[in-house]
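Reader: Can you walk me through this one? I would like the numbers with their cut-offs.

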Amino acid sequence: MATMESLIVTVNRIQRACTVLGDHGGDTTLPTLWEALPSVVVVGGQSSGKSSVLESIVGRDFLPRGSGIVTRRPLVLQLHKTEQGVQEYGEFLHLPKKKFTDFSMVRKEIQDETDRITGKSKQISLVPIHLSIYSPNVVNLTLIDLPGLTKVAVEGQPESIVQDIESMVRSYVEKPNCIILAITPANQDIATSDAMKLSREVDPTCERTFGVLTKLDLMDKGTNAVDVLDGRAYPLRHPWVGIVNRSQADINKNIDMIAARRKEREFFATSPDYGHLSSKMGSEYLAKLLSKHLESVIRARLPGITSLINKTIEELEAELSHLGRTVAVDAGAQLYTILELCRAFDRIFKEHLEGGRPGGDHIYGVFDHQLPAALRKLPFDRHLSLQNIRKVVSEADGYQPHLIAPEQGYRRLIDGALNYFRGPAEASVDAVHFLLKELVRRSIAETQELKRFPTLQAEIAAAANEALERFREESKKTTLRLVDMESSYLTVDFFRKLPQEMEKGGKPTSSSADRYAEGHFRRIGSNVYSYVGMVSDTLRNTIPKAVVYCQVREAKQSLLDHFYIQVGKKEGKQLAQLLDEDPALMERRQQCVKRLELYKSARDEIDSVSWAG
């Protein structure tokens with residue numbers, strides 16, 4: 001299973017790839033991955049303490065400050081926890097080789113990069129700024145800071161700015177994969193909170209909303225927010241978290257954020273109102289809470305994202321496969337070129353399998369890690385529970401109780417247990433099939449000669465995948481036969497030895513008196529469990545043999561045999577279509593290639609996490 005850090009880092013990389021390759025969401029002409037990625041979006045009105053919360057989580061002063069709308073572009077803030085003693089630094093996606101150790105320069109770069117897109121005006125832009133901060137004082141977490149919600153335009157802004165900001169914020173928070181961090185000052189009426197009002201509209205069940213109360217130390221004397229933080233007032237699905245930011249006086253005195261965190265902890269620990277909640281208050285707790293929740297959301301959404309990526313890759317590749325420009329050569333030369341390209345692909349594919357290139361080692365990982373782990377997780381404890389054994393044996397006996405040993409009960413228990421092995425057997429076949437398909441995809445991508453011919457790429461991929469499907473079906477039949485063979489004929493000697501061994505130890509196997517007693521059923525369960533363990537050891541060795549013989553060996557020897565036959569039957573016009581490139585569709589192709597690159601890099605990132613786990 002992938003770790004929390006690897007999942008969040010994977011989404012971070014995909015988000016950066018989206019920005020580099022021009023996917024900011026909202027594009028109707030191309031599929032968008034940006035909108036499918038889980039993210040934590042920080043929402044709040046102006047002067048709600050939003051920036052201070054972010055700086056408290058990071059433990060650094062790095063955000064622009066001022067009156068009016070300071071944040072005018074989305075800021076994708078990716079936090080990376082490092083080892084203690086490593087120097088903190090920031091790095092922007094648009095300046096990938098420059099490390100900022102002076103966080104005042106981080107602030108300046110945010111301002112400069114904002115002005116680069118929006119100019120010196122007060123306009124806003126949907127194009128995000130990506131900032132990664134590496135520090136031992138953070139948790140692995142990604143936050144997206146948006147412009148503060150406002151009710152009036154300030155001088156130099158268009159009248160539409162209020163609606164423009166709300167539209168931008170809404171475009172983020174209405175996504176089902178968005179986690180909303182709603183910032184509300186405790187010294188204002190929560191019922192009128194801009195952040196809570198918008199959150200309620202897009203997330204009426206509050207499943208995606210985390211409420212944060214700032215400025216608890218600035219509430220009127222004699223008042224507190226305990227009812228809100230305890231969940232009695234304005235309840236959410238997730239607990240409210242109280243934050244105490246630095247005061248303006250603290251900022252003026254240059255009190256650093258680490259000292260401010262310590263002061264915040266002291267506030268809650270010593271507060272008569274909030275002392276009982278102190279362990280679940282503060283910016284440090286909020287960061288850990290969000291990091292853990294973001295990880296769980298990513299883990300839950302990953303299958304859907306993977307499905308979207310694979311579906312979109314297929315759609316983009318299908319579109320690319322139709323692009324072409326005629327190669328001006330005769331049919332014989334065309335056929336020779338196609339066969340040479342196929343051989344180049346086949347060489348690379350075999351290098352992946354045989355170790356010349358990476359990837360083939362993952363197949364061994366299926367047999368050495370995935371299959372044994374799946375066998376260990378089979379629910380034999382439930383199947384061989386005392387209650388189920390009693391039920392199965394009694395049902396097998398029918399109206400006539402067994403006389404000596406409940407053979408029918410034994411057989412039913414064993415058959416039921418052996419049936420569980422079908423799952424790991426099929427899963428091993430499917431896992432190796434997936435790896436072989438991935439090696440086909442990689443091999444096509446790494447065959448430089450094929451890059452000019454997307455139609456031929458698609459044909460080779462389709463033919464290879466079709467062959468792999470045939471190999472998978474044969475492999476599945478063979479591995480399931482191994483399981484069925486174990487069920488069809490039990491190893492009699494195993495059971496014949498059991499009574500003898502017990503008698504040698506001075507313990508009779510059973511008696512008519514305890515035939516339906518608990519000890520009798522426990523012995524039955526123990527015997528069946530031992531037998532199933534023996535079968536498990538056997539299948540752990542035989543399933544890999546069957547899979548390699550039926551899938552890997554066949555892929556090495558005959559992956560494109562059927563394709564060669566089909567190509568040999570094609571006429572000149574059909575061969576030309578495989579080697580064609582249409583200049584009229586160059587612009588569209590470049591757009592698709594760029595977006596396809598994004599989705600493939602996303603798939604590679606997710607695959608690397610899956611196999612790293």
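This is a predicted model: local features need pLDDT of at least 70, side-chain atom pairs count only at pLDDT 80 or more; totals for chains, interfaces and linings use all residues.

Reader: How many helices and strands does the chain have?

Author: The chain has 21 helices and 9 strands. Helices (H or I, at least four residues) and strands (E, at least two) are DSSP runs, numbered from the N terminus.

Reader: And what share of the residues is buried?

Author: Of the 613 residues in the chain, 48% are buried. Buried means under 20% relative accessible area, exposed over 50%, and partly exposed in between (1.4 Å probe, protein chains only).

Reader: Salt bridges next. How many are there?

Author: The structure holds 32 salt bridges, each being a side-chain nitrogen of Lys or Arg within 4 Å of a carboxyl oxygen of Asp or Glu. One of them joins R246 and D61, at 2.1 Å from N to O. R246 is in the loop between β9 (241-242) and α7 (248-252), and D61 is in the loop between α2 (50-58) and β2 (75-81), so the pair ties together parts 185 residues apart in sequence.

Reader: Is R246 buried or exposed?

Author: R246 counts as buried, because its relative accessibility is 11%. D61 is partly exposed at 25%.

Reader: Which helices does the E284 and R265 pair tie together?

Author: The closest N and O atoms of that salt bridge are 2.4 Å apart. E284 lies in helix α9 (residues 283-320) and R265 in helix α8 (residues 257-270), so the link is between parts 19 residues apart in sequence. E284 is partly exposed at 29%, and R265 is partly exposed at 44%.

Reader: What about K476 and D430?

Author: They form a salt bridge too, with the closest N and O atoms 3.0 Å apart. K476 belongs to helix α16 (residues 454-488) and D430 to helix α15 (residues 422-446), so parts 46 residues apart in sequence are tied together. K476 is buried at 15%, whereas D430 is partly exposed at 28%.

Reader: Which residues are linked in a network of salt bridges?

Author: E166, R170, K197 and E201 are linked in one.

Reader: Switching topic: how many disulfides?

Author: A search of the whole structure finds 0 disulfides, the criterion being a pair of cysteine sulfur atoms within 2.5 Å. Among the cysteines, C178 is buried at 1% relative accessible area, and C550 is buried at 8%.

Reader: Where does α18 bend?

Author: At V548, by about 35 degrees. That is the angle between axes fitted to the seven residues ending there and the seven starting there.

Reader: Last one. What does F494 touch?

Author: F494, in helix α17 (residues 492-504), touches N527, S530, Y531 and M534, not counting residues up to four places away in sequence. Contact means heavy atoms within 4.5 Å. F494 is buried at 18%, and its C-alpha atom is separated by 9.4 Å from that of N527, 33 residues away along the chain.

Terms used: Residues are numbered from 1 along each chain as its sequence is written. Side-chain values use heavy atoms; hydrogens and water are left out.
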